[in-house]
Amino acid sequence: MAHAPRVALVTGGTRGFGRGIAFHLAADGLDCAITYRTRADLAREVVAQIEALGRRSLAVPLALEEPAQVPGAVAKIVEMFGRVDVLVANAAATAFRPMLEQKPHNVEKTLAISVRSFVAAVQAAAPHMADGGRIVVVSGIDSHQAMAGHGVLGAAKAAMESLVRILALELGPRGITVNAVSPGLVDTDSSRLYLEKGLGRAWEAAAARMIAATPLRRLGKVEDVASLVAYLASPSAGFLTGQTIILDGGLTIVSPFQRLLDTP
Ligand SMILES: NC(=O)c1ccc[n+]([C@@H]2O[C@H](COP(=O)([O-])OP(=O)(O)OC[C@H]3O[C@@H](n4cnc5c(N)ncnc54)[C@H](OP(=O)(O)O)[C@@H]3O)[C@@H](O)[C@H]2O)c1
């Protein structure tokens, strides 16, 4: 008898990384549910493209700033697919402002979307995971580097990376791995919003400077992130847990002293 396909749940699956991760997992043979906040039109397109790959799919509306909505959304996915094997906590949002200008509701919202909803998603999904379950968080270099306007989101990502380690410890005996990927700059709606609105920089010029500062001399691509997440979600990655893997073309391994050589 053929094995039932594994089932993935990707938060924020309509655009950027989440969309690319959902397609990659579906191409690898997983049934794939996505969540979205507002873009029901894009969610329908993603579901149709996954179904065109011969996999089952479902899009569930889920405003992650309301962590209380998470168990109901996971329950809908379990009702349709009967299980969850892979949870990808991808969606995030914040107000890109200096810390002294952060409004209390924005601090609350950022932490709710990422940290509190991640805890709620793991609590809802892990009981339905069997041996071989996989949890992957999309973090960012703001977790360990001071980035203008990223103070609250960086703190949230640092908390997520900490949760990755404790969850790896707690879920390891059940054969479930928990890891994070930490991408550098990739061209998506949110990175354009950050550079253009948050920092007031033109995308092309800013991207060119980031490329020049990156040893591999390019930006990341959605597919770079999707293929690493797909590897971490695969049965092959069964002995890798509790880690945050930086995927940035070498951007953050370069010492600031290098700038002395790069500028006359
Ligand atoms: N892009 C980069 O360079 C970069 C680098 C490092 C880390 N990251 C991280 O990668 C992840 C994905 O970023 P991205 O650049 O792919 O973002 P994106 O293209 O802006 O996509 C955001 C996704 O999250 C959903 N979303 C946004 N706010 C939400 C909320 N309050 N509740 C539920 N869903 C929400 C959106 O749904 P709708 O379409 O319905 O609005 C959309 O599917 C984030 O965790 C980000 O911090 C990005």
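This is a predicted model: local features need pLDDT of at least 70, side-chain atom pairs count only at pLDDT 80 or more; totals for chains, interfaces and linings use all residues.

Trainee: What does the secondary structure of the chain come to, and what does the C-alpha trace span along its principal axes?

Mentor: The chain holds nine helices and seven strands, and its C-alpha trace spans about 65 × 40 × 35 Å along the principal axes. A compact globule with 264 residues would have a radius of gyration near 18 Å, and the chain has 18 Å, which agrees. Of the 264 residues, 44% count as buried. Among contacts between residues at least 6 apart in sequence, 73% join residues at least 24 apart.

Trainee: How are two packed helices described?

Mentor: Two packed helices are described by the angle between their axes and the distance between the axes. Take helix α1 (residues 16-27) and helix α8 (residues 222-233), which pack at an angle of about 50° with their axes 8 Å apart. Angles under 35 degrees count as roughly parallel and 65 to 115 as roughly perpendicular; α1 and α8 are therefore oblique to each other. Their crossing is right-handed.

Trainee: Which residues make the contact of α1 with α8, and how do they divide by class?

Mentor: On the α1 side the contact is made by Gly16, Phe17, Gly20, Ile21, His24 and Leu25, while α8 contributes Val222, Glu223, Val225, Ala226, Ser227, Val229, Ala230 and Ala233. By class, this contact has nine nonpolar, four polar and one charged residues.

Trainee: At what angle does α1 pack with helix α2?

Mentor: The angle between α1 and helix α2 (residues 40-52) is about 15°, with their axes 9 Å apart, and α1 and α2 are therefore roughly parallel to each other. The crossing of α1 and α2 is right-handed. Here α1 uses Arg19, Ala22, Phe23 and Ala26, which meet Val46, Gln49 and Ile50 of α2. The residues of this contact divide into five nonpolar, one polar and one charged.

Trainee: How do helix α4 and helix α5 cross?

Mentor: The axes of helix α4 (residues 104-125) and helix α5 (residues 151-171) come within 9 Å and cross at roughly 15°, so α4 and α5 are roughly parallel to each other. The crossing of α4 and α5 is right-handed. Residues of α4 in the contact include Val107, Leu111, Val115, Phe118 and Val122, and those of α5 include Leu153, Ala156, Met160, Leu163 and Leu167. The contact of α4 with α5 divides into 13 nonpolar, three polar and no charged residues.

Trainee: Is Arg217 buried or exposed?

Mentor: Arg217 is exposed, because 10 other C-beta atoms lie within 10 Å, and a residue counts as exposed with 12 or fewer.

Trainee: What separation do the C-alpha atoms of Arg217 and Gly250 have?

Mentor: These C-alpha atoms are separated by 9.2 Å, although Arg217 and Gly250 are 33 residues apart along the chain.

Note on methods
Residues are numbered from 1 along each chain as its sequence is written. Axes are lines fitted to C-alpha atoms, for helices over the stretch in contact, and angles run from 0 to 180 degrees between N-to-C directions. Helices (H or I, at least four residues) and strands (E, at least two) are DSSP runs, numbered from the N terminus. Angles under 35 degrees count as roughly parallel, over 145 as roughly antiparallel, 65 to 115 as roughly perpendicular and the rest as oblique. A crossing is left-handed if the near helix is turned anticlockwise from the far one by less than a right angle, and right-handed if clockwise. Two residues are in contact if their C-beta atoms, placed from the backbone, lie within 7 Å. Ala, Val, Leu, Ile, Met, Phe, Trp, Tyr, Cys and Pro count as nonpolar, Asp, Glu, Lys and Arg as charged, and the others, Gly among them, as polar. The radius of gyration is taken over C-alpha atoms; the globule rule is 2.2 Å times the number of residues to the power 0.38. A residue is buried if 20 or more other C-beta atoms lie within 10 Å of its own, exposed if 12 or fewer, and partly exposed in between; C-beta atoms are placed from the backbone.
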